[in-house]
2 protein chains.
Amino acid sequence: MADVSEKQAVVSNKQVIFKDYISRFPEESDMIITCNENVKLKVEAGSKDIVVKNLYLSCDPYMRLLMSNQRSEIFAPYTPGTVITGFGVAKVVESGHPEFEQGDLVWGMVGWEEYSVLKSTDGLFKIHHTDVPLSYYTGILGMPGLTAYAGFYEVCKPKKGEYVFVSAASGAVGQLVGQFAKLMGCYVVGSAGTQDKVELLKTKFGFDDAFNYKEEPDLNATLKRYFPEGIDIYFENVGGKMLDAVLLNMRVHGRIAVCGMISQYNRPQPEGIHNLMTIVYKRVRIEGLAVFDYYPQYSKFLDFILPYIREGKVKYVEDIAEGLENAPAALIGLFSGRNVGKQVVVV
Amino acid sequence: MADVSEKQAVVSNKQVIFKDYISRFPEESDMIITCNENVKLKVEAGSKDIVVKNLYLSCDPYMRLLMSNQRSEIFAPYTPGTVITGFGVAKVVESGHPEFEQGDLVWGMVGWEEYSVLKSTDGLFKIHHTDVPLSYYTGILGMPGLTAYAGFYEVCKPKKGEYVFVSAASGAVGQLVGQFAKLMGCYVVGSAGTQDKVELLKTKFGFDDAFNYKEEPDLNATLKRYFPEGIDIYFENVGGKMLDAVLLNMRVHGRIAVCGMISQYNRPQPEGIHNLMTIVYKRVRIEGLAVFDYYPQYSKFLDFILPYIREGKVKYVEDIAEGLENAPAALIGLFSGRNVGKQVVVV
């Protein structure tokens, strides 16, 4: 076995650098593309560092939160002047870690760059199943997939025949929640922001119905139309006015899994939610969800989801951008709803 | 056995009549005291009606909601021109019901009047233990007691050593939640609206600490001061700005039991809650609570609470108003915090 200190490669490494904190809608110029030539990628002697070549990068709404200078229990903000980080699929180039070796495919936190040196393997999963698209490990087989699985089954605790509403329903998580709801025998309606997405929900993903929220001036009335009996389960991805309208339409003992609130991330202050008293009238449970809590269930999740993918019973739509130079636009596109399905960047 | 149709008494029956719907702070003049002379109280032949003489009436915050013309899953609004209803303790005068007989003591829904004819015995509990004050069946041994018990133990699922915050902490429910938290080995802080109530919390009820929210201009800072480690459990009685501040101070996997939101009941529209995204960061569960769901546990609750009362280990403070003519002022006093402890009216 060669000394690990000898394991080093000289490469050029294109990167996406975070410029500075914002409290507005993000712009491409908030990220800078740089290319560092003759970078020596090495595993520090005696360390458990891993050097990876990044293959696919994931654009996720939470990344906007890291562009604000606010720390939370689950997010540390980006550091201005350093590389953007996010979920990605990568191949191990060099490894000082006994559990990873050259050629291994992995998914987890990487930099938005061609090569990353990973100082920690916490939350890094080895990819064992490659008969499915590798990019799926940024989506259905990665963080969003486990989020949908844990959020729907563990937090919402669905029962057959229940009424399920999913917002941002064609997104990375929403499209899966809707399909899981159908597998469970629920009635499921999704909201999205274009007519094309609405069609996708109804045809490709098998939602019972769907609507374009941008064409609905009165969301309370809209929800009453789609759910005359009310909503048992709301999978919350958007927040704001949609949440307030949903609260008026929940059924007794309903459940709301809060995965995210993308409509609020670009506002200096979130909108006020006025209808929380309805959770007393209806004895509703609202529960926040962070995927990290469910990492121990990842292999159980894979056992569940892989057969459905192989049999074509669960479908997954990706929106793939080509190249790191298009990554900033792809990320920003999430917030205007430009992406159709899971937004991925192929490096 | 005499024919039930003969069972009738002629009495005078003082009543508190609900005048009309309001969307502002209630006033005494929203209720009218009337006295009907020569009222024949009778059990309708063949019915299961019960005639009761009311002894104690309960003033509860939810009653304000019934003064607005808004129906919810658990509340039907009052009918203008008819008698106010609420929880009360009463003695059976005549009964057509096989399970109740003359002289029985009961608690449940009655009219704000000297005598009520009860057409239904749903939610009417017979009182078997009279070695404790009868008025307790409007409070610690009635709806508020069961609410505190179910809300704290069933909804909040407390663990020893957790940090518990209770708002409206000297009220009918709050004073019990604080004491239950101490029994469980939690650290508990309460908020109230006067210095006297704050003292009561710390001395009589054994709260670890307490503060007067009216003297705290920045509730977020206040909570950070009382809970430097954050809040595991919030028992929500007030809503509005307090809830928004609490959300910023919850700990990971914290729980919020929403019992009521008294600060919002007199507003045309509730205040907006802005900090809900924190429930994702902290994976917080918020759950609405209605006592009716826990009625099947009432006898289990009595077995739990009666020994504590008899041994003086759980205390209960009541604020007793004398006479039906003082009932409207007593009810309204809840919303300015005039009452110290559970507000009761002795008829």
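Begin by selecting chain A and chain B together, since the rule finds four salt bridges across their interface, a salt bridge being a side-chain nitrogen of Lys or Arg within 4 Å of a carboxyl oxygen of Asp or Glu. This is a predicted model, in which local features need pLDDT of at least 70 and side-chain atom pairs count only at pLDDT 80 or more, while totals for chains, interfaces and linings use all residues. Residues are numbered from 1 along each chain as its sequence is written, chains are lettered from A in the order in which they are written, and side-chain values use heavy atoms, with hydrogens and water left out.

Next, select A:D293 and B:R283, whose side chains meet in a salt bridge at 2.8 Å, N to O.

Now show the whole interface, to which chain A gives 34 residues and chain B gives 34 residues, contact meaning heavy atoms within 4.5 Å. The two chains bury about 2900 Å² between them, 66% of it on carbon and sulfur atoms, where buried area is the accessible area (1.4 Å probe) lost on being put together, summed over both parts. On the chain A side, select A:H274, A:Y281 and A:R283, which lose the most area to chain B, together 21% of what that side buries.

Finally, move to helix 2 (residues 143–156) and helix 3 (residues 174–183) of chain A, which pack at an angle of about 45° with their axes 9 Å apart; helices here are DSSP runs (H or I, at least four residues), numbered from the N terminus. Among the residues making this contact are A:F152 of helix 2 and A:F180 of helix 3.

Methods
Axes are lines fitted to C-alpha atoms, for helices over the stretch in contact, and angles run from 0 to 180 degrees between N-to-C directions. Helices (H or I, at least four residues) and strands (E, at least two) are DSSP runs, numbered from the N terminus.
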